[in-house]
Structure formats: C-alpha cells, structure tokens
Amino acid sequence: MQQHGQSTVVITGASSGVGLQAARALAQTKQWHVVMACRDIPKTQKAAQTVGMPQDSYTIMHLDLASLESVRQFVKNFRESGKSLDALVCNAAVYMPLLKEPLYSEDGYELSVATNHLGHFLLCNLMLEDLKKSSASQPRLIILGTVTANPKELGGKIPIPAPPDLGELQGFEAGFKAPISMINGKKFKPGKAYKDSKLCNVLTMRELHRRYHESTNIVFSSLYPGCVATTALFRNHYPLFQKIFPLFQKNITGGFVSEELAGDRVAEVVANPEYNKSGMYWSWGNRQKEGRKSFVQEVSNEASDDDKAKKLWDLSAKLVGIA
C-alpha cells in the first residue's frame, strides 16, 4: 500500500549525517514517504524536526544493524505496517579507528563488519521480496560506498592503516567468531576492518545485480557522494582529527562535501531516472566543483572480482543464517 500515492523508501542510519539529509531531500519532494530505520527513535524524531521534515512525510522504525534479530524484527514490523517498498538505501555505518581490541556484536561478529556488511546483507536479502512487489517500474536498492575502500580513486590509495584486503575470506570461512576479528583471518586493525566492510558492500551490490537485476528489474547501485568530513561517522576519532579533517578537505584537497549536498546526491540516485543503470558505482570525484556531474567510477580489482563476490555471498549467507 502506497501512502497517499507516494513511493516509500527505507533509509538506514537516517538519524544524522548523510542519511538524515537524504531523508530530508526525498521528503521535500512530497513524492516519497521516508522510513527512517535507526537505533535511537527519540534522537531520530528530534533530527527529523530539526531539518524541517513534515510529520506526515516520515515514519521512524527501530533497527540495530549489529543485531541480526533486530534486522528480522524490523522487516516484520515494516510488513505489518502495510507499506510498499520502492527503494532501500543502506547508509548506516560505524567506524571505530582507535580501538585496540575488537568489539563484537550480540551474534559474536566483529562489530564494524557486523553492522556495515552483515546486517545490511541480511536486510537486503529479506527486503528483496518487498522490492519485487513494488509497483514502481524500476525499484532501487542502493548501498553507500566510500573512497577509502577503492584504491582506484585518489582517496583510496592512502595505505594507512592498511588498504582493504579480504584475502581468501579465511576469517569468514572459519566462522568469524572470537578470537577471529578480520575477514582475512589476520590481526585486528580497526581502520582496515571498516574499509573491508565497505569493500564487502560494493561486492554485495555487484552480486545482487548479477543474481537479480535481469529477473526483477530492480536497479542495484552504489555511490560515493563525496568526503563528508563533518559527519558523525568520525565521532569515535581523536577530537583533534575531527577539527582538522574538515579544514584539510576544504582548503587542501578540495574534496569537502556538506552533509546537505551529499544527502541531495543520495536522493538523486534514489529518485532520478538518470540513475536507472544497474550494477553501477556513482561518484562525483575527489575534487569538488560547483555543478559537477556524476559519473560511473571504476572500482578496484578486488571489488570487481566476480568469483570473490560469489564466495562472499555464500559465506555471508551462512553467517546470517539464510544459507
């Protein structure tokens, strides 16, 4: 059931940053009803009011991507609401670069991979059934990427703390439970764990496209909306980094993008017919210029490895209990 003839989009992590601004941009069109899927409902309610979203333009539903049971409960609650699903935006992410030892989810998996990849992987698989029922001509499933996980981009060439590398997925093959904390089974590196999880996001998008686009007409894509240096993603970094990084991106690299502009770009990929090509990774580049157009960004050799994408899919399906 569409709400007052509107399309419905689910956005994870919509309580702040890019997710919130994408929700704001889509709600402003009055053509979309936004389901804000977040952990903290009061925080999300306040955030929606702060950016001026009309009360009837959104619904807030609880979702903790670090909990596979929470993902399943969210899907159950969404279906009980009677809403259609026309687009799913997997935006939420955690980044904890200062950890000395890994944290684990309630399911026993390293927390950044559990949240950024495994939770979204289960959500995508479960909500495929809802997207298939959409009356939209081309429903969309979008997973946000990051420049740091793509060595084909300038920002992804920085080797600190380590480049993304899933190896042969030895950690996943071994069950990915403590003491294992990295997908390749090696020593824990928190910044690399984040990069690896985002590499998994792109591999998942490409495998979704390979498996389902032709039979469902769902458009699967990823995007990097630019360096949003002020986002809450960096809340677990050094306070000095949080002050210097935006200045560096504004004045040195020219890569800075506001949360508002990044949200507008996500909304475009959700709603604009120009983005109806499936299997694409959209980017606006590393150096920002006013009015810059998007383009299809080449992804890394590892992100375009179809055999690795299939293996990642099969192992992830086992870890989330749908194999």
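Me: What volume does the second largest pocket have?

Reply: Rolling a probe the size of a water molecule over the atoms shows where empty space is left. On a 1 Å grid over the protein atoms alone, a pocket is an open set of points where a 1.4 Å probe fits, with protein on both sides within 12 Å along at least five of seven lines. Grid points are joined across faces, edges and corners, and a volume is the space filled by probe spheres set on the points. Here, the second largest pocket has a volume of about 340 Å³. This is a predicted model, in which local features need pLDDT of at least 70 and side-chain atom pairs count only at pLDDT 80 or more, while totals for chains, interfaces and linings use all residues. Residues are numbered from 1 along each chain as its sequence is written, and side-chain values use heavy atoms, with hydrogens and water left out.

Me: Which residues lie nearest the centre of the second largest pocket, and which helix gives the most to its lining?

Reply: Lining residues have an atom within 4 Å of a point; helices are DSSP runs (H or I, at least four residues), numbered from the N terminus. The lining of this pocket comprises 17 residues, with Asp264, Arg265, Glu268, Tyr275 and Trp284 nearest the centre. Helix H8 (259–271) and helix H1 (17–28) each supply at least two lining residues, and H8 gives the most, with 6 residues.

Me: How many salt bridges are found in the whole structure?

Reply: A salt bridge is a side-chain nitrogen of Lys or Arg within 4 Å of a carboxyl oxygen of Asp or Glu. The search finds 11. One of them joins Asp130 and Arg79, at 2.9 Å from N to O. Asp130 lies in helix H4 (residues 111–132) and Arg79 in helix H3 (residues 68–80), so this pair ties together parts that are 51 residues apart in sequence.

Me: Which residues are linked with Glu207 in a network of salt bridges?

Reply: The network links Glu207 with Arg210, Arg211 and Asp314. Glu207 and Arg210 meet at 2.7 Å, N to O; both lie in helix H6 (residues 190–216), 3 residues apart, about one turn of the helix. Glu207 is buried at 2% relative accessibility, and Arg210 is partly exposed at 43%.

Definitions and conventions:
Buried < 20%, exposed > 50% of the residue type's maximum accessible area, 1.4 Å probe, protein only.
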